[in-house]
Each structure stands twice: as structure tokens, then as C-alpha cells.
Amino acid sequence: MEHISHVLWQFLVKWMTNFALFPPEASKIAPQMDALFFFMVLISLIGLTVVVLLVIGFSILYSKKRHPVAVQIEGSTLLEATWTIIPLGLFLVIFVWGSLIYFRVYTPPANAMNIYVVGKQWMWKAEHPGGQHEINSLHIPIGRPIQLTLISQDVFHSFSIPAFRVKREAIPGRYTNVWFEATQTGTYHLFCTQYCGTNHSAMIGDIVVLSPDDYKKWLSESTSGMSLAQNGERLFASLSCNACHSGKPGSRGPNLAGIFGSEIHLANGSTAQVNEAYLRDAILNPSDHVAQGYVPIMPTYQGQISEDGIISLVEYIKTMNSNDRVEQTLNTTTLLPESEGKATTAGQKSGGANPAKQAPASQGMVKQ
Amino acid sequence: MSDSTTALHGPHSDPPVVHGAHTAHEHPPYQRHHFASMEQQVDTTSFAMWLFLLTEIMFFGGLFCSYLIFRNWYYPAFVAASHQLSIKEGTANTAVLIVSSFTMAMGVWCAETRRKGALVLCLCLTFVLGLVFLGIKYDEYHEKYEKHHVPSWHYSTKSFTDPASDPEVHNAYPDDKPLPLDMARHTEVYFGLYFAMTGMHALHMIIGISILGFMIFRARAGAYTNGHVTFVNNFGLYWHFVDIVWIFLYPLLYLISRHA
Amino acid sequence: MSTDTIVRLPDQSTARLPKVNFITKENGLLSWLLTGDHKRIATLYLISITFFFAIGGALAGLIRLELLTPQSDLMSTDTYNKVFSMHGIIMVFLFLVPSIPATLGNFLMPLMIGAKDLALPKINLLSWYLYIIAGGMILYSMMTGGVDTGWTFTVPLSTHYVNTNVITTGLAIFVAGFSSVFTGLNFIVTIHKMRAPGMTWFRLPLFVWSNYAASILMVLGTPVLAITLVLVVLERAFGIGVFDPAKGGDPILFQHLFWFYSHPAVYIMILPGMGVISEVISTFSRKRVFGYTAVAFSSVAIAVFAFFVWEHHMFIMGVSNYSTLVFSLLTMLVAVPSAIKIFNWSFTLYKGSITFETPMLYSFGFMGLFTIGGLTGVFLASTGTDIHLTETYFIVAHFHFVMVGGMLMAFLSGIHFWWPKWTGRMYPEKISQLAALITFIGFNLTFFPQFILGMLGMPRRYAAYPPEFQVLNVFSTAGATILGIGYLLPILYLTWSLKYGEIAGDNPWQATGLEWQIQSPPLTENFPEIPIVDYEAYDYEWLERKEKEVTRVG
């Protein structure tokens, strides 16, 4: 792309976009992918032209009228080698170039802002760390790396933003992620691109890219109360995680403050990176993630918490730097340590001066 | 180019012989007409059976692959669940199948040496042993059903979260610790694969036994002791294959935690 | 179109079909339904496959009609989902996979190698019955509500989230799979064990090589599909948990197992077509295929590599980035043998003596369209561009280019080429050339806009779409109408030719190959005497000598 005049490139893209032949380039990776795409279009055109010229050319030159007697030719090792090596060489170049782009798309930078997206039949739910929730849309600021952590509540879905040239499957059972950086304000298509049942084609929406000021405005206008971390704190108490993970010395569960991003040693001798996927898995399959020095007594929360709830908990643990507030919530829950962490009527008073919402009384499945 | 009987030999050709109705029969009655010789027929059908068994390997391969993956992920659950299977019955079944392979091999020998009575006896023994295998399998399945270890059919993880509630298995494996619930859940996958693998194997046994039944009839009429042993031979290959699949299933399903 | 033609027919005023041939040998329905004759079984297959192709094609028509407008207004979304699912299932499993092997392959294989029949005639007949049972089950499934899972049966959608006939359809495909396995098994055994004396491996026609490679794929790959379907059925009926994350299972395991077959499946579909192209191009250029050995080996290379690329259907599904390196590289490698073939066919034309009868026109169409389809495969093999293009209409366009522009054109080429041998009569040349042209134009108009739609981001399997995609969709539907006419014409004029076509004689194309040295239609036993082969494949000089000889003797 660097070899083509910038002006010409812009003209080409604008022209094709206006004629609805080409999607807008609205992310940092889009022009890179388009460069590879056009390279491949060029190679394909050349290849096709060669084949068509050969076929048509030979058909004319050697039609029965002009060339009534065929000359039997066994073959030519030189030609075979040529048309093996040249395509192979071109394909290998494409392979390397494409892989570089792929790795770029699926290796989020450390400073990316993380937004959770839960797909379910037949809508997308986006959850911003500040607590903003969106359905079938995503508001993001221009010029900042954004990472999406995706999961599905039911079947396979696929979050696709053609203008950014990214898509990623949302799978039930584990997180997947993708990142991008928007370079152009505007509204772009969001599609679900994995067939997911009746209203697959209705699972569409808008990606709204805003200037930094507009984004700030949107953030403040659409806060619906608690941030994800705050909601997670509420769940942490009401699900009685604080009973074992109290942070006190000699507690039954490891201290979770500051654990995100670190490497921990497990009881079976292996080590693990504590990221979102690890935390989610540890909540649902705790006996596979016993930390060294602890025993497998943590009950599983499978079936008792929704994906949204897990996201809130993960966010909370991510931001947990100390156990002070955990200590305070311990005094307000009516949990008995022996009752296996089942959710009982949560505390009436939330700890400290934070006027967080009251946790609703909950048994069994904890909503949101 | 319109003469349909132009010889297809090289430039020097003899006038071709047009075959109308069958006049000279120089081949055995059981040689099929599209084969040039008995040797070709035997060679071909044998090759075909081996190739078919290769497809069966690919078929079971998918199941074994799934098994290996889940066993790797959920080893404690697989161990605990495998302790629910009766080693006695599994070993008995293994012995039954090995003996039945022996009787089948004897049957092939009988066919080759034209011993009609002995052949029928061998086939009948194989048939009965096959039924014994299925009978033992039924008993095992029934036990699983009673203990609520059939996936989705009132499946219960109680035996794993609380081994003491299952005295029979607990006494056999007193060192088994109770599994946490999230690991105990995965025993359902073990049993799912158990039923899928042994069920698919049992289906192949049923097909084999049915063919054996047919063969006993034909053997009594002398169809395999007149020199035409291919059918018995090839069926023997199939039977041995089904046996070998069990030889793999047995240690994988029953003997997970047993090592020297 | 040149009026020069290589067709040489016997004098029509005196020519008759041979009185004794495989069609007239025995009469009565049972003689057909209980036959062991590979040619009769091929005929049964041809009729059944055409029937199911018509149904699949009608479903395609419904899809394109719905997509004329952005809204889901022609039928409910649920119905649309069922329509495209059944279209895919019928076209893939009841048409494309069996098409050339079960019809042309069955008919020609023993003839080409000099055998009297396939190795296992009864298994061949069983194969057809399994196909009919599978077809019946799918029809039953359609009539009682169909499935709406897509032909790919993605779990957990198919196991836990739809209430349509997944189990019936899954079992139907299981049965169809065994039909395929038995055909492939028969071919492999026949080619290994029943070649005529002197017919060495490297004297075999390339059609045999291609079908051999496809048979390897059928035999080794299809059982994995079978067991995958069994697991889906068990998961759906009994909840065994292997694909259910709530029980510790993994839906990605299904993807691996499914694509382990379904990728080789696409090569099962295309390789026999490539075999036809080799035969046709050779005959109508009067030349041995350029680089015979390279073409033969490339067929086997495709078959081998086919088993190692399946994960390229899963690049965006959260698989390890490093694994995608492996599979992307291998996919690039598997593209090379196909490129080799295209160039070899092109150079077969070099210094040939070319005529443009209908089979040759279809073959030229194949070469152009398969090149486009294959090259767009490289767009998808490259992981970087695959992210943007996968699951969009780009994929739909890609596989229709290779399957319809490639395989179906090859099928029609082969049907026209061997029609005189099969029926003893020629098809009408002018209208068939017209039909080929109509098909080519209709095809391009239907599917080329879909590449653009895919690049724009229009997802596949969408009943409704944003309005800005409408223009391209309208083009596509217009093309589909023309394409439909292009496919209807052969059915009509080929049926017409059964009664009114010119008598073809043994070798109207003056082709090499053992099948052209016997009468048309062939005798039931194919050869009065087993031939002894002492010349290479595509030996046009031998053919010339033979001709001179016969005229001298006569």
C-alpha cells in the first residue's frame, strides 16, 4: 500500500465505497487487510488472464482448421517446475502476509480498553466497564485500542464488523477476544455471522464510533447505575465468595487482591496465567484450579450464575487491589461458613459509605 | 469403428471369439462371472474386506479420539467413573470374545479342510459366545440404569460426591476420595462415551451374530466346505476385528487407574 | 463455433443400435432393481441423482426469490432457514458427493480398465439402495418439517436449540455416507485387482486416477462423518454431554470431527470432475494430456493433503493462533496441485487439433470458473483475509464457483461426452452448445456479485439484509433464472435424444480408451474377450494405425 499514491488509494476506496462495492475502511487494520486483499485480487487477475489467454490463444492457433494434425508431446519438466514453483512462491508470500495480519488482529495490546460482549439468541449485549449496557450496538471512541471479550449464552454466534475487517466467534463455555482501533467516526454495520437459528438475520446492529468528547458525553448519559466492578462486588458478597476469599490470614480460599495478571502455582504443580478466561473457569470448575497450598473445597457455581454475572465478578476481581471492602461485607452477610457457599438472603446493610444499590434477595440463579 | 468385436490386442490379432451363452464352464460354480479366475476372486474379496475394516478403524477412531481428549481433561472423573464398572464382567467379556475368536479361527480351518460338521459346531460356538457377550453387556447396562448412571436419564453424581453412599464400589476402592461437584459432573461425559463406544461395539456384535446365524444355515447345506471358503474367511476377519476393538475398549474403559 | 468437428457417425440410413446390449439384455423392473451390472446401476443412479438435483435446484430458486428483497417477506425466517439447510444437504450429500463417481464412475470404471464389472457388484447395488433409503429419509424429513441447522449441523444449535428433524436427517446422511464408502471401496478394489493384462498403473486413463484418489478420500473420511453424526444424535437424544459445555463437553470438538470429513468431502466432489476434464480435453485436442504423470500424481497429492487442512474452516473460532499457521500453510500447499492441473490441461491444447463440441465447451467453462473459484480459496486460506471474508457471501460464492462452476460443469461435460457410449445415441449438438453458453452466462451473473457482497460484509444464511445490498442480490437472482434454464435444457434434449438422437456407433469422438473400442451401448459383459493392453493411454497414433488397418482389411 505504501507503494501506491495515497491520493489514488483514497480515491479508489471512496469510489468503490460510494458505489456499494467496497466497505468503508474504519479501523487501523482495515487498510492493511485491504492491501493484502488487493494484492490477491491482482494475482488472481493475472493468473486468470494467463489461463484464459492460454486457452483462448491455443484454441485459435491450434483449432482443427488451422492445425489439423496434433503433435504428441509428453510433457516438460521445466514447465511443470515453473508452474509449481511460481504459484507456490506466491501462495507462501500470501501465507506469511496473511498470518501477520491474523496475529495482529487476535493479539490485543495490553493497554486496550476491554468491553464484554455476550451473544445470545438473538441479540448482542455489550457491557462496558463503567456499567453502560447496550443491546445490538456498541459505542466506542475513535483512536483507542478496544478489546472485545466475547462469550455466548447459548449457541455459536459471531461478532462481525465489516468496516473494521474483524470478526470473532462467540462460543458457549469460554471467552474469545478480538481487538481493533477505530480510525473514522460514523456508524457501521454489526452482523452476527454464525448461523444461530430463527432470527440470525435479525441479530444485527450498529457500531457507533464517536469522537473522544462525544464518547465522554455518551458515557455519562448512559450509565445505568453500577459499574461492572461494583456489580461484581455485590455478587461477591451475595454469593458468599467473601466467606473463603476474605483475604484474612488462614482463610480457606486464596487472597484475590491483585491476583489478576499474575502467574499462580496450582496444586497439581502447573502454573497458570490469571486472566479473564482463568477466572471464569475457576468459578465454574474450581476443582481444576486449586491453588498450591489449598484444598479443593470451593463449590462450583455452574447453573447458579449467568454469563453476565460472571463478567461482573471477573471485572471486580480485576480491579480488586485490597481486601478492605471485603472485610466490611463480611460483617453484613448472614452466611454460615458451612453452608457450601449457597446464596442466602444477602446482607441488609452494604459496607462503607458507598450508596450502592441494595442486593435483591436471591436464591439459586443470580441475575445480572 | 462400428465393428463391436474388433480385437483389442495389438496389430496382429486373431479372429475374436464371441461369447454367447455359457458353453464351456472351466471355473467352479461359485466363481463369479466377472472374475477371470478363482484366484482373482479370492484375492479381490479379501482385499475388499481388509479395506472395509480400515473404514471401521476410521469409524471407531472418532470415538477413541473424543475419549482421549476428555480423559485428558477430566482424569479424576474418568477414574472414579471407571471404578463403577465391574472388572469381573469386563474381564469375562474379554475372555468370551477371545475364545470366540478362537472358535471362529477354528471354523475357518474346518472350512478349508472341508469338515462340515466341525465347521457348523465352531460357528455355533462362536454364535453362542457372541450371545453370552451381549448378555453380560446387558447385565452391565442394566446395572448402570439402576444406579442412575445413564446420561440424562435421572443421572446422579451421588456415587462420586459421596462414595460412602455406594458401599459396593466403596469397598472395592476404599482410597477413592469424594469428587467435588464440578468434577463429578464430568462423569456423565465418561458414561456418555462408555455407552456410545460399547454400544457401537455391541451393534457390530449384533450384526456379526446375525450373519453367523445365516452362515450356520448355509454351512449345514455344505456351502462353505466345497472349496469356497472366502465367505467364512472374510467373516472371520470381521469377527476378529470386532474382537480387537473390544481389546482396546476394555483397558481404556475398565482399567484406567490400574497400573503396575 | 467451428463447423469442424471430429464427430464421425455411421451412415444414419442403415445404422441401428446393437440388438444385444446391457439395456435390452433383460427386461422387467426386477431385472433392473436386482441387477449386478455396473452400467445398469449407473443408470439407476443417474435417474435418482437428477431427481434430487431438481429438488435441490428448486430450493435454490426459492432462496434467490426470497433474496430479491431485503426483507424476509416471501416466507417466514424459519422456513427460509429450512430451505437453505435442505438445499445444502441435498446438493452436497445427494448430488455432489455421489454425482460423477456413482454415475460416470460406475459406468466407465470397468470399461476403462478392461474388466467385466466392478469387483463387488452386489455391494454396488447395495450402495444404490442405501442412497435411495437416504434420499427417502431426507424427503420424509423435508415433508415433516425439515431441518434448519444448515448443512453443517453446528452444535449446540443442532443438539439443544432447534426442534426440527435433526435426528432423522442426521441418520439419513449416515446412510448416504455408507453408500459413498461402498462406492469408493468398490473402486479401489477394482482398480487394484481387476485391471486387464498390460494395463499398468501408468497406462490408466486419468479419469481412473482421479476417481481412485476420490475413493481414498471416501473410504477414509466418510466414516468420521458417520461417527460425528452418531455423536450428534446421541447428544440430542440422550444428552451424553460430549458437545455440551454445561457438562464439560466442547462444541469445538464437533467442529474438528465434522470438518475432518467435510474438507476431504470437497475434494471427493471435485476430483472426479477433474478426471472428466482430462479425458475431454485430450479427446478434443487429439493429444495425450500434457504431463500425464504430473496430473496423475497431483490427484493423489490432493487426496493426501486434503486430510490435513480441515481447521481452515475454524480460523475465527478461537482456536490457537499457532495452529492456524500450520493449517493455513498446508492449505496453501493443497492449492498447488490443482494449479498444476489447470496448466497441464492448458498445455494439452498446445499444438493440438482442437474442436469445440459441447463437452469441450463445458470443459473450457470449468477451467475458467474453477480457476476463479480456486484462487478465491487462497483468499480464504490466508488467515488475515479470512477473518473478514469468512461466513459471508464470499464463501458462498467461492464454493459455488468450484462446485457448480467446476464440478457441475465437469459433470455435464462428462454426461455429454459419454452419452453416445451410454445410450448409443448422440445428443443434439447445436442446442447443447447453446445450453452450455446459457449456463456459463447465468452462472457468472448469479455468483460473481456474491463475491462483492461478501467483501461488503453481507453474512451468509441471512433471510433479511440491509437495503444497500439489494442491487447485487437482484443481479444474482436474475442470473439464477438464466442458470435454471441452462440446466433445464439438457434434461429436456437428452431425454429427447433417447428416441430421436442420431445413432452414434462405437466411437463417434474417435477417442482412445478401452470404452470406445466396444459397441454403444455396451454389452452386459462389456468385452467379449478380456483385452490385452500394450499401448499407452491417449495413444492417438495407435488409434490412427488401428483405423488404417481396419480400412485396409475391410
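The contact between chain C and chain B takes 50 residues from chain C and 43 residues from chain B, two residues being in contact if their C-beta atoms, placed from the backbone, lie within 7 Å. The structure is a predicted model, in which local features need pLDDT of at least 70 and side-chain atom pairs count only at pLDDT 80 or more, while totals for chains, interfaces and linings use all residues. Residues are numbered from 1 along each chain as its sequence is written, and chains are lettered from A and ligands numbered from 1 in the order in which they are written.

On the side of chain C that touches chain B, at least two residues each come from α7 (166-193), α8, α9 (251-285) and α17 (540-553). Helices here are DSSP runs of H or I with at least four residues, strands are runs of E with at least two, and both are numbered from the N terminus. The most is given by α8(C), with 10 residues. By residue class, this side of chain C holds 31 nonpolar, 10 polar and 9 charged residues; Ala, Val, Leu, Ile, Met, Phe, Trp, Tyr, Cys and Pro count as nonpolar, Asp, Glu, Lys and Arg as charged, and the others, Gly among them, as polar.

Chain C also meets chain A, with 77 residues of chain C in contact with 76 residues of chain A. Helix α11 (residues 321-348) of chain C gives the most to the chain C side of this contact, namely 14 residues. The residues on that side divide into 42 nonpolar, 25 polar and 10 charged.

Chain B itself has 9 helices and 0 strands. Buried residues make up 36% of its 260 residues, where a residue is buried if 20 or more other C-beta atoms lie within 10 Å of its own, exposed if 12 or fewer, and partly exposed in between, with C-beta atoms placed from the backbone. Of the contacts in chain B between residues at least 6 apart in sequence, 76% join residues at least 24 apart.

In soluble globular proteins, nonpolar side chains tend to be buried together.

Chain A is divided into domain 1 (6-105), domain 2 (113-221) and domain 3 (228-330), with bounds that come from an automatic or database domain assignment. The C-alpha centres of domain 1 and domain 3 of chain A lie 53 Å apart. Not counting residues up to four places away in sequence, V117(A) touches W124(A), K125(A), A126(A), L148(A), L150(A), F159(A) and A170(A). Strand β1 (residues 113-120) of chain A is largely enclosed by the rest of the structure, because 7 of its 8 residues are buried. With strand β5 (residues 145-152) of chain A, β1(A) pairs in the parallel sense over 7 bridges; strands count as paired if DSSP finds at least two bridges between them. Y116(A) stands opposite T149(A) in β5(A). The pairing of β1(A) with strand β2 (residues 123-127) of chain A is antiparallel, over 5 bridges, and the two strands form a hairpin with 2 residues between them. Within β2(A), W124(A) is the bridge partner of G119(A).

In chain C, helix α14 (residues 393-423) bends by about 40 degrees at F417(C), and a proline, P420(C), follows within four residues. The bend is the angle between axes fitted to the seven residues ending at a residue and the seven starting there. This helix is mostly covered, with 31 of its 31 residues buried. G424(C) follows α14(C) and has a positive phi, near 85 degrees.

Several loops of chain C also deserve a look. Most residues other than glycine have a negative phi, and most peptide bonds are trans. The peptide bond from V155(C) to P156(C) is cis, with omega near 0 degrees, and P156(C) lies in the loop between α5 (121-143) and α6 (157-161) of chain C. A cis peptide bond also runs from S520(C) to P521(C), with omega near -10 degrees. R461(C), which is not a glycine, has a positive phi of about 65 degrees and is found in the loop between α15 (429-456) and α16 of chain C. R461(C) counts as buried because 23 C-beta neighbours lie inside 10 Å.
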